[in-house]
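Morning, everyone. I have one structure to walk through today. Please have a look at it on the screen first.

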Amino acid sequence: MTPWLAALAVAVVAGGVIAVSAHEARAAILGLTISGVTAPLLADPAPSTLPLAARLLAAILAGYLLWISVRERPVTRGSRLGWPVEAMLAAAAAVAGLGAAGFAGPAGGPPEAEAAAFALGALAIGPILRTADVFRLAIGLLLAVLGAGVGRVALAGTPVPLDHLVIAGLTIVLAAAVGAIARTEARIGGAQAPAVRGMVGLNPPLQRPLVGVEPRLTTPTARQPEPPRSPEPGRPPEPGRPARRGLTSVLGSAASAIGRVRGGRR
């Protein structure tokens with residue numbers, strides 16, 4: 001084992017663990033970018049300059065495309081198991097890959113590459129099989145592509161320039177497709193959320209206040225009904241209009257009767 005290749009394998013696997021387990025989307029993209037940048041270097045002998053530059057640019061461009069797509073949704077579900085469990089899973093897979101190096105015959109590449117390929121494959125299984133969102137699926141697919149590239153190095157040695165170009169193109173296409181789908185999904189969800197909330201009465205549409213007018217003058221206020229007044233103690237309630245009319249007629253008839261009596265006496 002070469003210390004340089006072992007350090008590169010650890011960096012590749014560590015980036016994959018961060019990409020799978022992080023709940024912050026940008027941290028997951030950073031881990032994926034670390035794996036994408038260090039994976040092409042895991043070869044003995046090292047690849048030529050132009051194919052290596054293409055792989056590095058493809059990894060950085062893929063990270064940038066995913067970074068743009070998560071501006072509106074910076075939080076992802078991440079791994080339900082947590083990063084310690086994911087790290088232990090990757091370590092177990094790496095040990096299995098290291099033990100399987102040269103098992104079926106002489107390997108054309110370093111054993112560190114096969115260990116990293118096993119670890120990346122184990123990390124990519126969860127996001128692919130249990131897809132929480134499009135971003136998680138992209139993480140799993142890109143880790144699977146990186147694992148396939150590293151596995152090819154472990155089995156057949158340093159890849160030819162055409163292999164690097166194919167992996168670089170596939171990485172960019174996957175990142176661009178997933179970024180476009182994620183941005184469209186975020187826009188649709190952001191446009192439907194106020195309408196749905198307004199329909200169920202959770203978030204009624206806000207009205208813009210007029211410029212130069214105080215909000216209290218334009219905001220309608222609900223007028224509360226006045227409570228009924230209770231009569232004063234010791235005072236009978238005032239009669240209504242029908243009662244007043246009856247009393248007036250009674251007094252008038254009494255006055256006319258008294259006048260008649262007086263007239264008869266005279």
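Let me begin with a question: which residues of α2 are buried? They are A25, A28, I29, G31, L32, T33, S35, G36 and T38. Keep in mind that this is a predicted model.

What do those buried residues of α2 pack against? Three helices: α1, residues 3–21; α3, residues 49–69; and α6, residues 134–156.

Now the length of α2. The helix runs over residues 25–38, which is 14 residues. At 1.5 Å a residue, the span should be 20 Å.

Let me step back to the whole protein. It has nine helices and zero strands. Along the sequence, the pattern reads α-α-α-α-α-α-α-α-α. Of the 266 residues, 32% are buried. Now the contacts with a separation of 6 or more: 74% of these come from residues 24 or more positions apart. The accessible surface is about 17,200 Å². Carbon and sulfur atoms hold 66% of that surface.

Next, helix α7, residues 161–200.

T171 is in α7. Is T171 buried or exposed? T171 is buried, because its relative accessible area is 12%, and the cut-off for buried is under 20%. Leaving out residues up to four places away in sequence, T171 touches A58, A62, L142 and V145.

L162 is also in α7. L162 counts as exposed, because its relative accessibility is 57% and the cut-off for exposed is over 50%. L162 belongs to a nonpolar surface patch, together with V160, L165 and V166. The four residues have about 380 Å² of accessible area together.

Last stop, the loop between α2 and α3. P45 lies there. What kind of peptide bond joins D44 and P45? A cis bond, with omega at about 5 degrees. As a general point, most peptide bonds are trans.

Over to you for questions.

Technical notes: Residues are numbered from 1 along each chain as its sequence is written. This is a predicted model: local features need pLDDT of at least 70, side-chain atom pairs count only at pLDDT 80 or more; totals for chains, interfaces and linings use all residues. Side-chain values use heavy atoms; hydrogens and water are left out. Helices (H or I, at least four residues) and strands (E, at least two) are DSSP runs, numbered from the N terminus. Buried means under 20% relative accessible area, exposed over 50%, partly exposed in between (1.4 Å probe, protein chains only). Contact means heavy atoms within 4.5 Å. The expected span of a helix is 1.5 Å times one less than its number of residues. Accessible areas come from the Shrake-Rupley method with a 1.4 Å probe; for residues, only the protein chains shown count as cover. Patches are made of residues with over 30% relative accessible area and no salt bridge: like charges are joined within 9 Å, nonpolar side chains (Val, Leu, Ile, Met, Phe, Trp, Tyr) within 5 Å. A salt bridge is a side-chain nitrogen of Lys or Arg within 4 Å of a carboxyl oxygen of Asp or Glu.
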